[in-house]
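Below are some notes for a colleague who has not seen this structure before.

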Amino acid sequence: MSQQTSDTPKVAAQLDTPVEARVKRLSRYYALLSAIDREIIHPSSRDELFARVCRIAVDVGAFKMAWIGQVSADGRSFIPEVDAEGADYLASISITLEGDVTALGPTGRAVRTGRIDICNDNQTDPRMSPWRDKQLAAGYRASVSIPLLEDGRVVAALTLYAGQPEFFDAEEKRLLEAIGDDISHALDVIAQREALNERNIALEKLAAENALAAVVFRSSGEGIVITDAARNILAVNPCFSGVTGYSAAEVRGRNPRLLQSGAHDTIFYQSMWASIEATGSWKGEITNRNKEGLLYPEWLSISAVHDANGAITHYVGIFSDLPARKEMQQRLQHLTHYDALTDLPNRSLFVDRLEQALLTAQRFKRSLALLWIDLVRFHALNDAHGHNAGDAVLRETAHRLGQLGRKGDTLARLSADEFGLVLANLSQESDIIDLARKVIDTLAIPVSFQGKEISVAANIGISIFPKDAGSAEALLKAADTALERAKQAGRDNFRFFAAGMDVDAERRLRLEADLHHALDHGELSLHYQPQIDMTTGHLCGVEALLRWSHPAMGPISPVEFIPLAEEIGLIHAIGAWVLKEACRQNKAWQDAGHTPLPVAVNLSVKQFHQPGLVDLIAEALRDSGLAPALLELELTESAFIGDVHEAAEIVKNIRALGVQLALDDFGTGYSSLSYLSGFPFDKIKIDQSFVHDITTNPVNAAIATATIAMARSLDLVVLAEGVETDAQMRFLRSRQCEAMQGHLFSKALPAAELTELLGSGRTLEVDAGGTPRETLLLVDDEPNILSALKRLLHRDGYAILTAESPAAAFDLLAVHNVQVIVSDQRMPEMNGTEFLEKVKKLYPETIRIVLSGYTDLETVTDAINRGAIYRFLTKPWDDEMLRNQIREAFRVAHGLARL
C-alpha cells in the first residue's frame, strides 16, 4: 500500500511532462508575440526592425537561431539579417530564390508561395537534404519560415530553428502566423512613414526651389521678361529695367514689341515666332531700342511654357547685353584655363598641354621631364607678412620661372604654392639637373615688397617620360612622390622619381615610429672598423659606427635611419648613447690588456650645435675613465656652415678637454681649405668617393694626391676611407697616405668580434714587394697576342706583366713600378689611346706604346701630339723592330727617372 502510494506521484509526473512542455512552449510563443508587439509599436527602419525581431526570437522565444532574409531587388536572392549565433551557419550555405519551388528550402518556399512553411524533422524531411548535414551539426532539428509582407507583397521571410524534432503543431503555427502578421503590419507602417517623409522632403525642396527661383529672377545679371500666352508682359526683373530704361510698372500689360528698333523686317519676326511655335524656343542676336531711343545689341532667348495638356501658358525671354556678354565669355574662358593671380595656365590647362606634349614625345620617340615645384613654408610666409606679400611672392615666382623656361615648355600654377613645368624635347638628364639648380638659385633671391626683403625657398620633384611613367596622370603622381622625397631632405632640394618610392614612403613612416623605441628596446648597437697604419700595417685606431637591427625588417642602413633620427629630434639622445658606449667599450679593451687605441665617434651637425655638447663629452670621459687622447671626434664641413665664430668656440672648448678632432668626408664640401687653416684638426679623412676608382680616375687620383700633400704640409694625419683593394692601398701608400680603413683589412665588426681581432695580433701586409726595375706591362684583349708578345720579349730580361683589359691593367699599375706599357688599340672596354691618356695623368713617368692592326690616324696622331703615347706600332709586327723600340723606351724611361 505504502509502495503504491509512493509510486503514484512519479507516474503522474511522467504523464504530465509532455503537457507541461507544450504549455511552456506556448507560453514562450505568447511571450515572443508580446515582446515583438512591444518592439514594433514605433519601428524606426526595416533593418532595425529585423535585427530586433531576430534578437527577441532567440532571447525570448528560446529558438536555437533566427534570421530574416530580405528579397533582393532582382528577386533572385536574399539579403540576410541574422542573430550572432547563426552568422557562421548562413555563411556556409547557399540559399536562392531561383528555380522550381519544389527545389527551394523553407525560406524560399515561404517567399514564393506566401505561406508559412514548417519542417518538423530536418533529419528525415527529404526537402532538407541540401542543408541537412550542416543543420544537424549546428543542432537544428526543426524549422519554420514565415513570409513577411509589405503592401500585400512578400518582401522577406523570418526563419526560426528549434533544437528538437516535431516542435511545431497547428496551435503554434497559428501563433507564428500572428507574429508574421504583426511584423508585416510594422513593415506597412515603416513604408507609409518613409513615403510621407519623401513627400515632405519633396515639398520642402519645391519650396526652396521656388524661393531660389525668385532670388535668381531678382538678382540675375541678365534681363528677364515673362508674358502670358497672348504675349502681354506680366513681370520683368531689375536687370531688364536697367538695360531698357523701362520700370516694371511701365511695361506690365504691354507687348514686348515696344522695344523694337526697326532694324529687323517683318520676315525676321515671323521666322522667330515660327521657330518658337515649332520647337518651343528661339535664340539669336537682335537689336532693340531703349526708353531713351538708343539702339543696343543683345543676345535673346525666348522659350514657351506649356501646361500639363501641352497648351502654351507663358513665354519667357532672357537677354544679355551683347558686348558685355562677349567680353564676359572671353574672360570666363580665360579664367577657365588660367590662374587669375599669375596669369599662368591652371592645373586643367597644364594637364591638357602635358598630354599633348606626351603625344608629341611618343610620336617622335623623345623624352620629356615634369618638374613639380613647391614653395617651402609659404603659409608661414603669408601669416608673417600678410596675403598681399604672399601674392607678390607668387607673381614674382611666376615671372622668374617664366624667364627660365625654354620655348615650347609649359609653366603652370598647380595650387596655392605649387608650380609645374614641362620640359619638352629633352635631350639629356643633365639639362634637368641644371634647370632644377637654376630654379632653386633663382627663387632663393629675396623678393622685395614694401621695403622688406622676403626670403623664399623651394623643393622640386622630377619625373621623366617614358622612364618613370607613360601617362599624364602617372607622370604627375611620380613627380609628386619625388617632391615628397625632396621635402624630407629639407629645403632647396630636388629629387628624381625612382621606382618603389611609394613603398619607401610607407617604410619611412614605420621606421619613424619604431626608431622612437629602438634605443630602449636594445636594437641599436655599435660596430667598430679597424684603422690601419700603412707604414707598419698595424692597427692605429677604430671608428665606432652605429647599427640598427630592426626586429622585423632586419639591419637598417645608417644612411637611412640617421638622417631620420635628425629630422624627428632623436639624434641627441642616440648620439649621447653612442658617445658614452664608445668610450666605455674602448676603456674595457684597455683594461683587458689590449694596446690603447683611439676610438673615433661621428658628430652630426645637430649634435655639434646642441647646447651642453662639451659637458656631454666630459661626462662620457669621466664616467668611462677613458683618457681624452683616446677619443677622436669626427666632424664634417657642414658643422661650420653658418656662424663660424660659434663653431670656433665649440671646437676650442672640445680641444680644451684633450680630445682629438678629425675632418671627415674631406673634399666633398665647398670650403675645405678655409676650415683646415681656421680650425685645429689633428686628422683629415679622404672620402671613399675619391678612393673607389683612384687607380683608374685621374681626377680623383689628383684630388687625393693633392690632399695628402697639403695635409702633410700642415702636419696633419691623412686617413683614406673605403679602401677595398690591394691596388688602392698601394697607390695611396705610394703617395705617402699614412692610414686607411676599409674592407681590404676588415669590415666594421661587433665589439666581441673586434675583441678577438685585437687579441689575434693580425696586421696588414703593406710591403711593396721587390718588383724589378725594368717592368713591362702588355695590355691586349686577345690572350694569344699576349702569349706571343711575352714569348718574344721574355728573353730580354724584363719582368713582364699582362692584362686582358684596361681595368686589370690599372690594378697592376697601382701595385707595380711599371716603366713601359704596350697596349692594343682596339679593345671593347676602351681603346688604347683612351687608356694611355688616363695612364699619362695617373703615371706620367711611364713610356706608352700603342700596338695595333687598326690604324685610326686622326686619333693616334692627336694622342701623340698630346703626349699620351710615345710610339705607334702596327700589327703584324717585325720582331726585331719591336724589341728595339721597347729597349729604346726603357732607355727613355731611365733617362726620365734620372731627371
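**Notes on the model**

1. The lining of the second largest pocket is made up of 14 nonpolar, five polar and three charged residues. Here Ala, Val, Leu, Ile, Met, Phe, Trp, Tyr, Cys and Pro count as nonpolar, Asp, Glu, Lys and Arg as charged, and the others, Gly among them, as polar. A pocket is an open set of points on a 1 Å grid over the protein atoms alone, where a 1.4 Å probe fits, with protein on both sides within 12 Å along at least five of seven lines; lining residues have an atom within 4 Å of a point.

2. This is a predicted model, in which local features need pLDDT of at least 70 and side-chain atom pairs count only at pLDDT 80 or more, while totals for chains, interfaces and linings use all residues. Residues are numbered from 1 along each chain as its sequence is written, and side-chain values use heavy atoms, with hydrogens and water left out.

3. β10 gives the most, with four residues. The space in this pocket is about 430 Å³, the volume being that filled by probe spheres set on the points, which are joined across faces, edges and corners.

4. The protein chain has 31 helices and 32 strands; these are DSSP runs numbered from the N terminus, helices being H or I of at least four residues and strands E of at least two. Of its 899 residues, 43% count as buried. Buried means under 20% relative accessible area, exposed over 50%, and partly exposed in between (1.4 Å probe, protein chains only).

5. The largest nonpolar core has 99 residues, and Phe608, Leu631 and Leu633 have the most contacts inside it. Its largest share, eight residues, comes from helix α18 (residues 571–591). Apart from it lies another core, of 35 residues, among them Leu33, Val144, Ile146 and Leu148. Such a core is a set of buried Ala, Val, Leu, Ile, Met, Phe, Trp, Tyr and Cys residues joined through side-chain atoms within 4.5 Å.

6. Leaving aside residues up to four places away in sequence, Leu631 touches several others, including Leu579, Cys583, Val599 and Val659. Contact means heavy atoms within 4.5 Å.

7. The whole structure holds 23 salt bridges, each a side-chain nitrogen of Lys or Arg within 4 Å of a carboxyl oxygen of Asp or Glu. One of them joins Lys685 and Glu543 (3.0 Å, N to O). The pair links distant parts of the chain, with Lys685 in strand β24 (residues 683–686) and Glu543 in strand β19 (residues 539–550), 142 residues apart. Lys685 is buried at 0% relative accessibility, and Glu543 is buried at 4%.

8. Arg510 and Asp514 also form a salt bridge, their closest N and O atoms being 3.6 Å apart. The two residues are separated by about one helical turn because they are four residues apart in helix α16 (residues 501–518). Arg510 is partly exposed at 41% relative accessibility, and Asp514 is partly exposed at 24%.

9. A network of salt bridges links Arg109, Asp117, Asp125 and Arg127.
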